[in-house]
Amino acid sequence: MADGIYVVGILVEERASRGPEVQEVLTRYGSKILCRTGIPDPSKKRGIITVTMQADAPDVDKFKGNLQDIAGVRAQSLRLADAIYNCPA
């Protein structure tokens with residue numbers, strides 16, 4: 001399946017305790033991530049992360065599934081366009 005450009009929105013509840021698990025998933029998919037931004041809640045109760053990635057649909061689904069396996073984490077994605085460039089396998 002062809003790569004596309006996806007934006008993935010991630011909501012992390014209780015981010016102080018769940019952040020390390022979320023970071024582990026982000027690191028695992030790091031080669032597919034083009035950009036990542038985060039908005040922390042000063043109370044550390046929750047945070048919002050936006051990830052732009054170039055990947056195929058099954059990889060995006062696995063990424064979201066790995067995130068949602070973490071209690072208190074929600075993830076939604078939107079496919080914006082075809083890939084910007086071809087990544088080597």
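Tutor: Helices and strands here are DSSP runs, numbered from the N terminus, and the model we are looking at is predicted. With those names, α1 (15–28), β2 (33–40) and β3 (46–55) each supply at least two residues of the largest pocket's lining.

Student: What makes a residue part of that lining, and which element gives the most?

Tutor: A lining residue has an atom within 4 Å of a pocket point. By that test α1 gives the most, with five residues. The pocket itself has a volume of about 170 Å³. Of its 13 lining residues, the closest to the centre are V12, R15, G19, R36 and I49.

Student: Why are Y29 and F63 called an aromatic pair, and why edge-to-face?

Tutor: Ring centres must lie within 6.5 Å to pair, and planes over 60 degrees apart count as edge-to-face. A search of the whole structure finds one aromatic pair.

Student: What does that pair tie together?

Tutor: Y29 sits in the loop between α1 and β2, while F63 belongs to helix α2 (residues 57–68), so the pair links parts that are 34 residues apart in sequence. Both residues are buried, too.

Student: Why is I39 called exposed?

Tutor: Exposed means over 50% relative accessible area. I39, in strand β2, has 57%, so I39 counts as exposed.

Student: How do you know that I39 is in contact with G47 and I48?

Tutor: Contact means heavy atoms within 4.5 Å. Leaving aside neighbours within four places in sequence, I39 is in contact with G47 and I48.

Key:
Residues numbered from 1 in each chain as written. Predicted model: local features only at pLDDT ≥ 70, side-chain atom pairs only at ≥ 80, totals over all residues. Heavy atoms only, no water. 1 Å grid on protein atoms, 1.4 Å probe; cavity = no way out; pocket = protein on both sides within 12 Å on 5 of 7 lines; lining within 4 Å. Points joined across faces, edges and corners; volume = space filled by probe spheres on them. Helix = DSSP H or I, 4+ residues; strand = E, 2+ residues; numbered from the N terminus. Phe/Tyr/Trp six-rings, centres within 6.5 Å; stacked < 30°, edge-to-face > 60°. Buried < 20%, exposed > 50% of the residue type's maximum accessible area, 1.4 Å probe, protein only.
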